[in-house]
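Notebook open, model loaded. I wanted to look up ring pairs and helix packing.

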Amino acid sequence: AMLTALAPVAWSAEALAPLETEDVWILHRDAPAIDLREVPVGDYRATVRESDALAHAQLAMTRLQLPGELVVDIAALIRSFVRQFGLERANLRVEVVNKVSCPKFHCDTLHVRLITTYSGPTTQYVHRDAPETILDAPQGGLIFLKGHLHPTFGDRVHHRSPPMPEGSKRLCVVLDY
């Protein structure tokens, strides 16, 4: 089934208003867990525009041997992200991983990063005021993280790739600029 129920349009300015004062914003949503047992580890990276969102989503699914049902959702995320931030282009990464790629809490040198995890462990983050409390992004949810280049960056939230249990895989989509 196509995931049209998950196909967002650009988020309202009010919805993303917390990013003006906070370094993280999370949009909860339902997303299907994808069975990754037969899917090989790999990634797809591209610079994307609103106009080629569908083509890149289809290409990512084909190259990574993922179910085509995610095409609609990923294309909508690309279009929404580009439109929301008034961008000509953004960086896309779709990846299936079986090990931790970035184990230390950090903040990236970019404006904003959006991460969603369709299957497997989700992105972890901590607030500067409570670094001992490790939080997990919701499965299927959208986590927006401000980077060092954002004009209101306050270095209040850091994130990392989650620990990976033996034999598990993670499917996530990352958009940033």
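This is a predicted model: local features need pLDDT of at least 70, side-chain atom pairs count only at pLDDT 80 or more; totals for chains, interfaces and linings use all residues.

I started with the rings: Phe 81, Phe 85 and Tyr 177 are linked into a cluster by ring pairs. I count rings of Phe, Tyr and Trp (its six-membered ring) as a pair if their centres lie within 6.5 Å; planes under 30 degrees apart are stacked, over 60 edge-to-face, and the rest tilted.

Residues are numbered from 1 along each chain as its sequence is written, and side-chain values use heavy atoms, with hydrogens and water left out.

I found four aromatic pairs in the structure. One of them is Trp 25 with Phe 144, a tilted pair at 4.8 Å centre to centre and 45 degrees between the planes. I placed Trp 25 in strand 1 (residues 24-27) and Phe 144 in strand 7 (residues 142-146), 119 residues apart. Strands here are DSSP runs of E, at least two residues, and helices are runs of H or I, at least four, numbered from the N terminus.

Buried or exposed, I asked of Phe 144? Phe 144 is buried, at a relative accessible area of 0%. Trp 25 also counts as buried, at 12%. (Buried is under 20% relative accessible area, exposed over 50%, partly exposed in between, with a 1.4 Å probe and protein chains only.)

Last, the helices: helix 2 (residues 53-64) packs on helix 3 (residues 71-84) at an angle of about 135 degrees, with the axes 8 Å apart. Axes are lines fitted to C-alpha atoms over the stretch in contact, and angles run from 0 to 180 degrees between N-to-C directions.
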